[in-house]
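Please look over the sequence and the structure shown here before reading on. The paragraphs that follow lead through the model step by step.

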Amino acid sequence: MSKVRAVVHGLLTVLFVAGLVVFLLLSTNHEWPWKGSLPKDPLKAAQKILEASPVIDGHIDLPELVRMVYANNVSAVDLEHEMPGHVDIPRLRKGRVGGFFWSVYTACPEHAGYDAGEDFLNATWRVRDTLEQIDVAKLLIDKYPNTFQLARSSQDIKDAITEGKIASLLGVEGAHQLGNSIAVLRQYHELGVRYVTLTHMCHNAFADSCGFLEAPEPLHGGLSEIGVALIAEMNRIGVLVDLSHTADATAKQALKLTKAPVIWSHSSSRAIWNVSRNVPDDVLELVGSGENKTDGVVMVNFAPYFVGAEGNATIASVADHVEHIAKIAGKKHVGLGSDYDGIEDVPSGLEDVSKYPQLFAELYKRGWSRYDLAGLSGGNLLRVFEGAEAVARKLQQEGTQPAYDIYKKRTDIGKKREL
Ligand SMILES: [Zn+2]
């Protein structure tokens with residue numbers, strides 16, 4: 001088993017290096033700072049680094065803002081001018097953003113006025129609303145073809161960046177959005193979804209959640225039986241397993257089970273600020289490149305209530321989260337998942353998507369190299385995504401069958417066929 005792991009790790013490393021080389025060759029700015037000196041001013045240095053290696057943010061809630069503020073009327077949304085939230089095109093450009101996951105989020109049933117029932121069997125419109133969110137995201141991406149480009153693969157991300165566009169990926173924020181069905185996962189994938197967060201703030205049929213600031217009573221003790229099957233299918237089709245919002249037990253079990261690298265699309269460090277929504281050190285220790293570790297990237301969340309005590313969220317405290325995750329898991333395993341447009345309050349100095357360079361300047365001052373910062377901005381996420389794609393290709397080449405598992409509590413469908 002350890003031999004297989006070593007071979008897989010070796011393969012992933014080769015793929016990563018190859019990917020990085022391709023990425024650099026494709027870079028539009030050929031003088032970019034792999035050689036030569038950077039400006040003395042930290043902000044200018046950060047801007048120069050980000051010009052060649054732009055930010056790929058793991059979690060932005062623009063589609064949710066369009067749902068809540070514009071009733072999904074994309075024609076009323078003007079991204080070329082100042083938007084009410086944290087995101088619009090001028091600010092994305094100023095912030096050196098090269099890509100982000102558009103969260104196609106719908107709230108947990110109980111937060112949207114529905115009662116899913118104790119077995120999650122009641123209809124709650126979560127799948128309809130997810131499809132509406134995907135629709136909104138795609139309509140907005142299409143509305144600005146010179147700015148956004150839908151990305152379904154790591155190659156798509158690199159192509160978009162090379163063309164000076166913002167790679168636009170889709171992420172589903174919680175398996176409660178799957179209607180208890182792995183078939184729905186496959187169809188979301190067909191529509192372009194490339195990560196699914198295993199839970200939001202509620203437990204669901206697949207897995208236990210970490211709640212908001214304090215962990216609720218567990219339901220399954222981590223993953224359920226159908227949750228195990230879900231991860232296998234995500235690995236097979238190349239949908240990233242996102243462990244943000246999950247209970248510690250869910251994360252630990254998922255890390256053991258997954259054959260592909262994982263992400264935390266928007267999570268910070270519990271050692272820095274002790275809330276259940278942040279990732280604890282004993283989970284971070286399972287992430288990395290060594291023996292008995294799983295490759296992954298923890299993308300730091302900017303939401304002030306996850307960053308520190310009220311009034312204490314600043315660029316420096318967000319940088320503390322980045323540095324702590326880097327200290328435990330390694331600098332190749334940290335990224336950024338701001339949660340912009342999904343949070344009302346913001347850290348001082350990180351008011352919107354135009355401010356990423358300020359965070360990079362802070363880390364540059366703390367001694368982070370251009371290579372480390374290029375990993376933080378997007379390189380680490382790209383490596384993980386490429387790793388997940390390679391695993392999916394391999395599983396499919398080996399003839400791994402789709403997961404036909406049905407949620408056991410369902411009574412509206414026949415029993416699972418014996419093969
Ligand atoms: Zn979230």
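**Helix packing and selected residues**

The axes of helix 8 and helix 14 (residues 370-397) come within 6 Å and cross at roughly 95 degrees, where axes are lines fitted to C-alpha atoms, for helices over the stretch in contact, and angles run from 0 to 180 degrees between N-to-C directions. Helices (H or I, at least four residues) and strands (E, at least two) are DSSP runs, numbered from the N terminus. On the side of helix 8, Asn 235, Arg 236 and Ile 237 meet Val 391, Ala 392, Leu 395 and Gln 396 of helix 14, two residues being in contact if their C-beta atoms, placed from the backbone, lie within 7 Å. The residues of this contact between helix 8 and helix 14 divide into four nonpolar, two polar and one charged, where Ala, Val, Leu, Ile, Met, Phe, Trp, Tyr, Cys and Pro count as nonpolar, Asp, Glu, Lys and Arg as charged, and the others, Gly among them, as polar.

This is a predicted model, in which local features need pLDDT of at least 70 and side-chain atom pairs count only at pLDDT 80 or more, while totals for chains, interfaces and linings use all residues. Residues are numbered from 1 along each chain as its sequence is written. The mean pLDDT of the protein, pLDDT being the predictor's confidence in each residue from 0 to 100, is 93, and 90% of the residues reach 70 or more. Over residues 24-31, however, pLDDT stays under 50, and for this stretch the model has ten contacts beyond four places in sequence.

Helix 8 (residues 225-237) also packs with helix 7 (residues 182-191), their axes coming within 10 Å and crossing at roughly 25 degrees. Helix 7 and helix 8 are therefore roughly parallel to each other. Their crossing is right-handed, a crossing being left-handed if the near helix is turned anticlockwise from the far one by less than a right angle, and right-handed if clockwise. Helix 7 contributes Ile 182, Leu 185, Arg 186 and His 189 to the contact, and helix 8 contributes Ala 229, Leu 230, Glu 233, Met 234 and Ile 237. By class, the residues of this contact of helix 7 with helix 8 are six nonpolar, one polar and two charged.

A further pair is formed by helix 2 (residues 42-52) and helix 13, which pack at an angle of about 115 degrees with their axes 8 Å apart. That angle makes helix 2 roughly perpendicular to helix 13, and the crossing of helix 2 and helix 13 is right-handed. The contact is made by Pro 42, Leu 43, Ala 45, Ala 46, Gln 47, Ile 49 and Leu 50 of helix 2 together with Tyr 356, Pro 357, Gln 358, Phe 360, Ala 361, Tyr 364 and Lys 365 of helix 13. Eleven nonpolar, two polar and one charged residues make up this contact of helix 2 with helix 13.

Gln 358, placed in helix 13, is partly exposed, with 19 other C-beta atoms within 10 Å; a residue is buried if 20 or more other C-beta atoms, placed from the backbone, lie within 10 Å of its own, exposed if 12 or fewer, and partly exposed in between. Leaving aside neighbours within four places in sequence, Gln 358 is in contact with Leu 43, Ile 315, Gly 349 and Leu 350. Tyr 407, by contrast, lies in the segment after helix 14 and is buried, with 22 other C-beta atoms within 10 Å. Beyond four places in sequence, Tyr 407 is in contact with Asn 180, Ala 205 and Ile 226.

Two loop residues remain to be considered. Most residues other than glycine have a negative phi. His 245, in the loop between strand 6 (240-242) and helix 9 (248-257), has a positive phi near 75 degrees, and His 245 counts as buried with 28 C-beta neighbours inside 10 Å. Asn 292, in the loop between helix 10 (281-284) and strand 8 (296-300), has a positive phi of about 60 degrees, and Asn 292 is exposed, with 10 other C-beta atoms within 10 Å.

Conventions. Parallel < 35°, antiparallel > 145°, perpendicular 65-115°, else oblique.
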